[in-house]
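User: I would like to learn how to read a structural model feature by feature. Please take me through one.

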Amino acid sequence: MWTFIIRRLLTVPLLLIGVALITFLLQRWAPGDFFTQMEMDPSKTTADLLRMKADAGLMKRVSTDTLVELSSFRTAGSSFSFTEQGILRDGQPVASTDVRTELRKFTVGLRLFEMDEQGAVYREISSLEGFGRWCLGALRGNFGLSFQHRRPVFELIMERLWNTLKLSLAALVIAWGLAVPLGVLAAVKPGSLPDHLCGLIAFFGLSIPSVFFALLMVLFASLTGWFPIGDMVDVVNYDSMSLWEKVKNQVHHLFLPAIVIGTGTMAGYMRQTRGNMVEALTQDYVRTARAKGLSPNKVLFKHALRNAINPLITLFGYSLAYLLTGSFLVEVVMNWPGMARLVVDAIFAKDEPIVMAAVMVGSLLLVLGNLVADLLLALTDPRVRLS
Amino acid sequence: MTNSNSQPATPTSSNPTQPPRPVRGPWRTLFLRLKKNRIAVVGGWILIVLYGLSCFAGFLSPSNYTDGDSQLSLYGPMLFGGYHIIDAVDIETDADGNEIEVPRVLVFEDEYGEEFEEAEKTREWRHFSGGITFTDPEGNFTFRPHVYALQEVISYDEYGEEKYLVGIDPDVRLPIQFFVQSEEEHELASLCGWFRIFGTTHLFGVRAPKDDERFTNGDHVARVFLLGSDKSGRDLFTRILYGGQISLSVGLIGIVISMGIGLIIGGISGYFGGWIDVGLMRFTELLMAIPGLYLILTLRNVFIQDSMDSRETYLWIVVILALAGWAATGRVIRGMVLSLKEQEYALSARALGAGHTRVILRHILPNTASFVIVTATLYVPYYILGEVALSFLGLGITEPEASWGLLLKDAQSSEILKYSPWIVIPGLFIFIAVLAYNFLGDGLRDAADPRAVLGKKG
């Protein structure tokens with residue numbers, strides 16, 4: 001058991017590095033970057049742009065020594081070389097301002113160089129080098145600065161992470177709180193009216209697209225005015241509220257999004273509960289318990305449910321894995337200030353550090369959730385041996 | 001496996017007068033078992049109808065899917081009613097305490113300084129009135145459905161600002177005609193936007209009378225908006241039908257590609273084992289460790305550029321969804337292949353000198369077929385929803401094309417949603433499609449499971 005845990009835990013960092021590498025490379029392969037838009041902006045000089053790119057870790061200032069080591073290269077129809085004194089074009093010394101357009105961007109070997117107005121040369125940081133830098137930073141807990149917000153990514157993510165978790169946990173409570181009782185109810189008499197109703201609810205919950213459901217709820221809220229739309233709290237009055245009112249306000253805002261996510265996930269759990277219960281109720285030990293004259297409730301909850309709960313515990317572990325990403329679209333539709341908005345905006349703007357950090361947090365939760373699911377299964381079911 | 005159809009049946013009955021029952025092949029058995037499941041059959045029929053609707057979108061729809069008119073923006077669904085233009089009234093209490101309606105009158109000054117009064121107009125939605133009607137222009141009952149002509153009325157609000165109200169003209173009714181010829185050629189039918197057939201016929205529609213000058217000078221408009229119009233004044237019903245072409249086919253093509261990759265990778269991995277297996281499986285684990293939507297969004301940035309045309313974008317969406325989704329099926333297929341390759345028939349095929357490719361393709365993969373079909377049916381909704389998510393976020397199909405996700409995008413503004421709730425109708429179609437796939441998939445799973453007792457769930 002312990003060796004299993006340790007082995008699985010050891011694979012977690014490897015998986016995470018792999019995930020980080022894939023995400024990083026995918027982002028670098030995507031054409032253009034955060035600064036592409038700015039290149040069109042006439043108010044930004046090349047020098048500003050290159051300095052920003054250097055700050056963002058996309059380019060690096062090259063010292064004169066390194067440039068001299070490049071020896072001569074051909075670009076724009078002439079051969080150039082850098083010396084201690086300046087730039088030579090076809091062997092003739094020229095001022096850096098004269099060759100500004102010719103040497104604005106040039107490649108030597110496979111490496112891209114860019115020169116700004118003042119003659120400062122920057123070189124592109126290759127994907128693998130960039131990834132190495134990112135890894136070193138991440139190991140020290142430094143996920144970089146967001147390009148858009150110019151704030152540490154870690155801070156940004158932590159702010160939003162808690163909001164998303166709050167929503168997901170509320171949805172989780174709703175989902176499990178409804179799934180188990182309804183599943184048991186449906187299983188007691190298969191084929192009865194409650195069973196059919198639960199089956200209907202399950203199909204409904206499994207099939208309704210979260211976007212559509214969320215939109216319907218927003219419509220409902222705006223038509224009745226019973227629930228607030230968007231945001232987590234009443235932005236205007238929240239600060240002046242008493243503690244009790246604050247809690248009430250938060251729950252009020254949380255209710256609809258949590259219902260939307262909860263119903264969607266509840267359906268699957270309910271089906272599983274029902275299936276397990278139906279199976280458990282046909283087992284010999286249940287018949288024995290009934291034959292001994294135990295009350296139906298005792299048979300149901302003490303004998304059948306306890307045996308039916310095992311696969312559910314595993315499922316619970318898996319549901320932890322989707323805490324962060326399961327609410328994605330609902331957050332966007334219902335304007336919840338969670339991770340989803342941040343990530344969508346970051347993807348739009350190609351804000352690399354945020355995307356990296358968000359994917360990392362999401363993957364970590366996914367991997368750990370799966371691990372917890374396996375462990376829970378082993379803990380509750382003595383027939384499962386982990387090795 | 002499928003050869004058993006043609007083999008002569010061995011008679012099991014001892015009664016020689018009764019002809020032996022033919023042995024059913026596995027597919028026939030699956031189909032017969034599926035047919036007993038009423039819900040699955042319903043699901044299947046719904047899907048046939050939905051795919052049919054989208055294939056013949058051009059023919060079935062009353063207008064072209066890009067035909068918009070900003071004046072007709074967000075007009076309500078004519079199936080359920082219409083906008084009436086009425087005089088605005090304020091409710092006041094008179095001296096006796098009764099509530100009376102007082103027309104809201106605005107006072108303006110004309111250019112000579114003379115004051116004049118004008119009643120403020122407003123528009124009111126009435127259910128089941130002003131929409132599709134069964135009265136002809138003379139006011140008699142007919143079986144031919146009619147719609148009212150739409151007109152634009154200019155009125156002023158309390159600040160003197162002009163406001164434009166689009167509503168029905170209760171005096172002008174136009175018959176809905178069948179097999180209307182349009183002036184421009186448009187698509188009649190297509191398979192997911194390919195193999196298009198062009199023509200000029202619409203199944204139904206309204207035509208503005210040519211000699212009526214109210215229509216020729218633009219005061220009146222003849223349009224039929226069964227399910228309302230969108231933000232740009234395009235017919236939502238038409239756009240839903242066309243949107244189905246994209247949204248429904250993404251699921252089918254996506255699942256074929258993804259199952260294909262899953263079968264190849266899973267087959268190779270399970271059959272050859274060893275380092276290939278370890279390498280491929282670690283890779284699938286990696287892919288599965290990235291949250292699905294994040295992976296889809298990141299891949300989207302790599303493959304889709306804003307400069308691409310709609311057809312290219314569509315293809316890349318399918319590829320992206322397939323790339324993000326094959327890993328799970330690949331792993332299951334690997335597991336199946338792992339056990340199947342030890343079966344006697346696979347070993348004997350090898351012993352008879354069949355090559356690896358032949359054993360994998362002819363002996364092992366066909367035995368995963370029922371799993372593949374069941375999983376494929378159950379997974380199609382994820383691809384449909386994936387496209388919906390991408391387009392909804394503005395990262396997938398773009399205007400002026402239509403897809404169900406893109407149509408829902410307009411509903412993101414709660415202002416539009418509140419006053420034009422029909423804008424969420426495309427979501428209903430997504431829901432129905434996903435529900436139908438779940439019905440069918442569940443039925444298929446039960447039918448393919450030899451242990452399942454049919455007719456009783458659980």
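**Reading the fold of chain B**

Analyst: In chain B, 70% of the contacts with a separation of 6 or more join residues 24 or more positions apart. This is a predicted model, with an ipTM of 0.86 and a pTM of 0.87.

User: How many helices and strands are there in chain B?

Analyst: Chain B has 14 helices and 12 strands.

User: Why is chain B described as more spread out than a compact globule?

Analyst: The idea is to set the radius of gyration against a rule based on chain length. For the 458 residues of chain B the globule rule gives 23 Å, but the radius of gyration is 30 Å, well over that value, so chain B is more spread out than a compact globule. Along the principal axes, its C-alpha atoms fill a box of roughly 105 × 60 × 50 Å. As for burial, 36% of the 458 residues count as buried.

User: What is the mean pLDDT of chain B, and where does pLDDT stay under 50?

Analyst: The mean is 83, and 94% of the residues of chain B reach 70 or more. Residues 1-7 of chain B have pLDDT below 50, and this stretch has seven contacts in the model beyond near neighbours in sequence. In residues 454-458 of chain B, pLDDT also stays under 50, and the model has nine contacts for them beyond four places in sequence. Where pLDDT is low, the predicted coordinates should not be read in detail.

User: How should I read a helix pair, and at what angle do helix 9 and helix 10 of chain B pack?

Analyst: Take the angle and axis distance, then the handedness, then the residues in contact. Helix 9 of chain B (residues 344-351) and helix 10 of chain B (residues 356-364) pack at about 145°, and their axes are 10 Å apart. The crossing of these two helices of chain B is right-handed. Helix 9 of chain B contributes B:Y345, B:A346, B:A349 and B:R350 to the contact, while helix 10 of chain B contributes B:V359, B:H363 and B:I364. By type, the contact residues of helix 9 and helix 10 of chain B are five nonpolar, one polar and one charged.

User: Where is the place of A:K189 in chain A?

Analyst: A:K189 is in the loop between helix 6 (153-188) and helix 7 (193-207) of chain A. A:K189 and A:V278 are 89 residues apart in sequence, yet their C-alpha atoms are 8.7 Å apart in space.

Methods
Residues are numbered from 1 along each chain as its sequence is written. Chains are lettered from A and ligands numbered from 1 in the order in which they are written. This is a predicted model: local features need pLDDT of at least 70, side-chain atom pairs count only at pLDDT 80 or more; totals for chains, interfaces and linings use all residues. Helices (H or I, at least four residues) and strands (E, at least two) are DSSP runs, numbered from the N terminus. The radius of gyration is taken over C-alpha atoms; the globule rule is 2.2 Å times the number of residues to the power 0.38. A residue is buried if 20 or more other C-beta atoms lie within 10 Å of its own, exposed if 12 or fewer, and partly exposed in between; C-beta atoms are placed from the backbone. Two residues are in contact if their C-beta atoms, placed from the backbone, lie within 7 Å. pLDDT is the predictor's confidence in each residue, from 0 to 100. Axes are lines fitted to C-alpha atoms, for helices over the stretch in contact, and angles run from 0 to 180 degrees between N-to-C directions. A crossing is left-handed if the near helix is turned anticlockwise from the far one by less than a right angle, and right-handed if clockwise. Ala, Val, Leu, Ile, Met, Phe, Trp, Tyr, Cys and Pro count as nonpolar, Asp, Glu, Lys and Arg as charged, and the others, Gly among them, as polar.
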